Amino acid sequence: MASRKVCVIGAGISGISVANDLSQAGIDVLLVDKNPYPGGQSVFYGCKATDECVRCGVCLVREAVATLKNQSTAQCHLSSRPVGYRAAGGSMELDIQTNPNLIDWQACVECGRCLEVCKEQAIERVPGWKYFVNEKCTACGKCVDACPVGAIRLNRSAETSTMQVDGIVLAAGYEPFDPGINRKWGFGENPRVVTGSQMENLFFQEKYLPREAESVAFVQCVGSRSVMEGEKHCSRVCCAYALRMAGRLKEEFPELKIDFYYMDIQRFGKNFDEFWKQIQGKINLIASNPISIKTDEQGLPVVRYESLPELACREQSYDVVVLSNGITPAAESESLADLFNLDLDAAGFLRPTGNGTSVAGSRVFTAGTCKQPMRIDDCVEDAATVARRVMKNLGVRQ
Amino acid sequence: MSDSIVAVLCDQQCSSKGPLQAANLTKRLAKSSTVGKLIVLDKACQDPEKKLKKVAGQKILFGGCPYLEESGFYSLAAEKLGLRPGEMLVTDVKSSILDLYDSSTAIEDNLIGRLESLGRLLADSAGLKDRPVKLKRNVLIFGSGYSGLKAALELSGEKLSVDLVETEDPPLAPGCLAEGLVCPGLIKELTSEVRTSEHVAVFPQAQMGPIQSVEKGFTVSFGGGELREYGAVIFAPERSEAPADQIGAWNLTQLYKRLHERRPIKGRIVFLLDRRSETPPEVIQDILIAAKVIKERSHAELWILLKQMRVALPGLQELYDTAREMGVIFVKYENLRLQNEFGDFQITGEDPQTGASFRISNPDRVIIPGTSGLSASALNAAETLGLRLLNGQYTQPYSLWRLANESNHPGVLVCGSARGNMDGGGVAADAASVVQALKARMIPEGITPVEHIASVDADKCVYCLTCVRVCPYHAMGKNIEERVAQPVTTACQGCGICAAECPAEAIDMRNLSRETVLAAMQAL
Amino acid sequence: MSDSILIVHCAEGAKKALARMTEEGYKLPPRFKTFELPCTGSVNEVLLMENLSNGAKGVVVLGCRKENCKHLDGNLKAERKVARVKRLLSEAGAEGRFVEMVYAAPDEGKRLHETLLGFARAGEAEGKS
């Protein structure tokens, strides 16, 4: 029997996990991602372990990328997007458009010479992966000459290729909510107001906070559960990451004062009761959603909130304010829904039907945060289910 | 010369153009007693296979970057040279020597030391002829509720025969109760499908004998009959809900029973959540769906008292909003007091968000969700399977190494509500992922024992069974006739904890005995 | 007595932590040697003591963080043994030798590097006194 081909669109933790599972079963997998590197967003997130692993799952993402690089037979088409789709009868045809400037990751030996000669700082390295060319590239060609194995290719225009596939998995990921659209959050006006995603990147670089920081505020439900901002759903991940971050920060800076502004705390993990007990001693819980975040004369962010139950307006300044921004549908959700003729649910996520396929009878599946907010461990579990459903649908047995 | 080892370095930095001089290394190694020859495979080498073939028949110590190990280069080389476990050793010299130290003298010194030390280990190890052990293509599913039935059906059509053990748990666990209301005949349908399937045989739990783990998996006898063998066990009992802890109150199971039977529920109904333990979001989903149904049928006055709103499931926030629109009254409470004096029942408390106090008088029915847990017989079965309980309610360790369905015992998978509170969709998804996990375990070619599995010296063993107790994988078996411990080779993962804990020093890891490890450390 | 410090680490998380450390460019002084075992749980007191009596200045047992051990609780068992050896050392008069348990998550680079360098510095201070 000819081997089956499946295209996985999106190489974040979900896409990579599904690709690894499917390729282990002998399926030909084509992994497509708009970025020049795999790993999506969470590959740049940081470990939050204190003396105990808090199971944030970030190390799993780098594991998955390493497995993809070293063991998996999945073919990666990076800097690529789907631009056309035709399904007729039982066959599916997909057009993939690939960006012109590329480093062929399979040929690259990580010698580093391209990094040395590039004056524009257009070549970067992803942890666990190889090098990639970012948007600063001016196509001057110095790196092409410097590369000893000829792994760099610079073309003038994008290329499109067509492929026949037996199944498609959409793992397009999510868009972190941008607090800049609402002035009340003070984002973009004060550099000391950062989003949860930015904080994750700081954790990854092991930088955490400015040296003299004495107080931090975490603000939950930024862009979630809010009718005004048009995002009514709960993003599921923010309580988990913010509390874990708070725990790590308290360990790194024991004198730090941490205020936690919340509406409701969502549980996570199997030992939540113990976790909650020990974290309560480290943070100051304030059950209130801030009204606004402004800047005072010293340039520090000031949180203005309604203190319950007296309903009095209070103000408090901090060295850093972390806005725990939520998960909103992927930027490409609408165009993907158009392309593959799928439904979006009320919140804008790609809605799967009962058994995980997106349109009844089709072979288009959805995985990961493009269908609903998920934590990293949820994504890995979901990927196993999706892989199984794909294999069952394609009639692949072992 | 067959006593000495060949060291093969596969990193560019070791080549003649690199910072280390291969000639230097060879000179220094010439004085070594363990490493006899040094081969460098760098980019200049055109035909690595030819170079390696020259040393066929000798033990090989490979050193290179971790990428080579992960990409299977060494296993491929081993295959081509016919090397068995115990005849080769692989070490990461890139991140642990070449990149770790600054000066080339430090690198050279440490590289030589490392090669000699590991050469010593390799010289003392015996080659192995391990043949993969094929597991039986049978699966035992413990649990006949929604989770067990779903798992059985997912497995049908997979060329595996399934034995299902019928337990006495309720068919739907808290979290899934709404599923039975939304699809009324669900459990009946699934049960009849399973019973009529030719791949599934159903046995009552009363007939089940003890589960033993053996070399090829597990064995059980039913009704004292012949021993049936399995390659894997799926542990899928349903959680059941504890009764409500207030006289006259219902728990959710009782409420749902009345809803199924379409008995009238009207008047003033109060749901009391979060009193003894927090309510998980799946159970809140059950409550909100029940509240909606009650409102639709009888327009009762419905109160839901809770401490935190759990909304982290898709669609849950909308359910709250719909319920509110239908007139359900949500109150967050603090300082709750229930007073029942001479038939006058008062519920009082304070709302922390407004500071106002509230009072609910003489509700017609109080519904208190009970904590959900596994039954005593399920916990018993878990113990015989060697599953380590977490917090008394989870049968899997809370660890990133064991996401989804794996437990600490290789070959035992956990599925469904036994893993935690799940809703209907979650159980269906879990049944699918357990089949994935099963396939990863029951590989058709069989399971090759890990290289460093435990080996017990029968003369020294005093049968204290410390090793059986400490093994994290439940992989140490007891040989009752000879009164020694015996590792199960398909379950042992070679961690060496038993070797460290044995008071009689009777256990060693294969190819990593105490003496050789010490000698190897000395050489560094 | 040499001044080498032996790092006995597990083949799972601790190995990844060391790899991450070198990937990020953090180097260790040459007196640190590394030795890999399947799990730190397979370390026993005899191993630690023998290494110290054979001339190592110190032994660092590098394991995974709590709840991160692939073999469930090998790291906790290692901690127990390290504690016992520490007690023996302090009773017997250590002469500047030490044995320590260090936990690392697979993603730590800087943190691990600082902890390990700390041992080198402490060792030097002792040696001088």
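Helix axes are lines fitted to C-alpha atoms, for helices over the stretch in contact, and angles run from 0 to 180 degrees between N-to-C directions. The structure described here is a predicted model. In chain A, the axes of helix H5 (residues 196-204) and helix H6 (residues 238-252) come within 11 Å. They cross at roughly 45°. Angles from 65 to 115 degrees count as roughly perpendicular and those under 35 as roughly parallel. H5(A) is therefore oblique to H6(A). The crossing of the two helices is left-handed.

The residues that form this contact can be named. H5(A) supplies Gly196(A), Met199(A) and Phe203(A). H6(A) supplies Cys238(A), Tyr241(A), Ala242(A) and Met245(A). By class, six of the residues in the contact of H5(A) with H6(A) are nonpolar and one is polar. None is charged.

Chain A also touches chain C. Here, 10 residues of chain A are in contact with 13 residues of chain C. On the chain A side, six of the residues are nonpolar and four are charged. That side has no polar residues.

Chain C contains four helices and four strands. From the N terminus on, its elements run β-α-β-α-β-α-β-α. The C-alpha trace of chain C spans about 35 × 30 × 20 Å along its principal axes. Its radius of gyration is 14 Å. A compact globule of 129 residues would have a value near 14 Å, so chain C agrees with that expectation. Buried residues make up 54% of the 129 residues in chain C. Sequence separation was also examined. Among contacts in chain C between residues at least 6 apart in sequence, 80% join residues at least 24 apart.

Chain B has 17 helices and 25 strands. Its radius of gyration is 31 Å. The globule rule gives 24 Å for 524 residues, so chain B is more spread out than a compact globule. Along the principal axes, the C-alpha trace of chain B spans about 95 × 60 × 45 Å. Of its 524 residues, 48% count as buried. Contacts with a separation of 6 or more were considered for this chain too. In chain B, residues 24 or more positions apart account for 72% of them.

A helix pair in chain B was examined in turn. Helix H10 (residues 252-260) and helix H11 (residues 281-298) of chain B have axes that come within 11 Å. The crossing angle is roughly 35°. The crossing of H10(B) and H11(B) is left-handed. From H10(B), the contact involves Leu252(B), Leu255(B), Tyr256(B) and Leu259(B). From H11(B), it involves Asp286(B), Ile287(B), Ala290(B) and Val293(B). Seven residues of the contact of H10(B) with H11(B) are nonpolar, and one is charged. No polar residue takes part.

One glycine of chain B gives a local view. Gly63(B) lies in strand E3 (residues 60-64) of chain B. A residue counts as buried if 20 or more other C-beta atoms lie within 10 Å of its own. Gly63(B) has 26 C-beta neighbours inside 10 Å, so it is buried. Residues up to four places away in sequence are set aside in the list of its contacts. Gly63(B) then touches Ala7(B), Leu9(B), Cys10(B), Thr91(B), Val93(B) and Leu115(B). Another glycine, Gly145(B), is 82 residues from Gly63(B) along the chain. The C-alpha atoms of Gly63(B) and Gly145(B) are separated by 52 Å.

Definitions and conventions. Residues are numbered from 1 along each chain as its sequence is written. Chains are lettered from A and ligands numbered from 1 in the order in which they are written. This is a predicted model: local features need pLDDT of at least 70, side-chain atom pairs count only at pLDDT 80 or more; totals for chains, interfaces and linings use all residues. The radius of gyration is taken over C-alpha atoms; the globule rule is 2.2 Å times the number of residues to the power 0.38. A residue is buried if 20 or more other C-beta atoms lie within 10 Å of its own, exposed if 12 or fewer, and partly exposed in between; C-beta atoms are placed from the backbone. Two residues are in contact if their C-beta atoms, placed from the backbone, lie within 7 Å. Ala, Val, Leu, Ile, Met, Phe, Trp, Tyr, Cys and Pro count as nonpolar, Asp, Glu, Lys and Arg as charged, and the others, Gly among them, as polar. Angles under 35 degrees count as roughly parallel, over 145 as roughly antiparallel, 65 to 115 as roughly perpendicular and the rest as oblique. A crossing is left-handed if the near helix is turned anticlockwise from the far one by less than a right angle, and right-handed if clockwise.
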